[in-house]
Amino acid sequence: LEVPVAELSGNLAAGSTDTGFTIRPALGACTKGDAGLAPMMQTNEAVACLTGFYLLRACKGLCNECAYLEGAMAWKNAHAGITTVDQSANLRLDAILVA
């Protein structure tokens with residue numbers, strides 16, 4: 001999980017007894033009106049898991065950047081669709097579906 005992800009797109013995690021996806025979000029600028037990052041992690045879907053997406057800490061220390069999650073779908077999960085703890089960056093969620 002310490003190696004940066006080049007691309008994680010079009011995946012389905014279904015029926016997991018724990019977390020569907022554990023990812024370290026990409027970092028980018030926190031500019032108002034910014035279109036976000038290039039689609040590195042899009043159209044990933046977590047269904048019927050305990051937790052859909054668990055976002056790890058994006059920065060090792062404090063930082064002035066935004067952590068991004070884009071195009072994620074989380075539905076029918078037992079506890080939470082998307083969760084993060086101890087996040088030291090602002091978190092930006094774009095085009096997210098949680099049901």
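Residues are numbered from 1 along each chain as its sequence is written. Because the model is predicted, local features need pLDDT of at least 70, side-chain atom pairs count only at pLDDT 80 or more, and totals for chains, interfaces and linings use all residues, while side-chain values use heavy atoms, with hydrogens and water left out.

**First stop: an open sheet**

Select β2 (19–23), strand β5 (residues 51–55) and β8 (80–84), where strands are DSSP runs (E, at least two residues) numbered from the N terminus. These 3 strands form an open sheet in the order β2-β5-β8, with parallel pairing, and two strands count as paired if DSSP finds at least two bridges between them. Because β2 and β8 stand at the edges with a single partner strand each, one side of each is left without a neighbour in the sheet. Neighbouring strands here are turned by 15° against each other on average, with direction ignored; the axes are lines fitted to C-alpha atoms, and angles run from 0 to 180 degrees between N-to-C directions. Now look between β2 and β5, which run parallel and are joined by 4 bridges, and find Ile23, which stands opposite Leu55 in β5.

**Second stop: strand β7**

Next, select residues 72–75, which make up strand β7. In a regular strand the side chains alternate between the two faces of the sheet. In β7, Ala72 and Ala74 lie on the covered face, whereas Met73 and Trp75 lie on the uncovered one. Strand β4 (residues 44–47) pairs with β7 in the parallel sense over 4 bridges, and β10 pairs with β7, also in the parallel sense, over 2 bridges. To see these pairings residue by residue, look for Asn44 opposite Ala72, and then for Ala74 opposite Val98 in β10.

Leaving aside neighbours within four places in sequence, Asn44 is in contact (heavy atoms within 4.5 Å) with several residues, including Leu8, Phe21, Phe53 and Ala72.

**Last stop: two loop residues**

Finally, select Asp86, in the loop between β8 and β9 (90–94), which has a positive phi of about 55° although it is not a glycine, and which is exposed at 62% relative accessibility. Then move to Ala95, in the loop between β9 and β10 (97–98), where phi is near 55°, a positive value in a residue other than glycine, and where the relative accessible area of 63% counts as exposed.

How values were computed
Buried means under 20% relative accessible area, exposed over 50%, partly exposed in between (1.4 Å probe, protein chains only).
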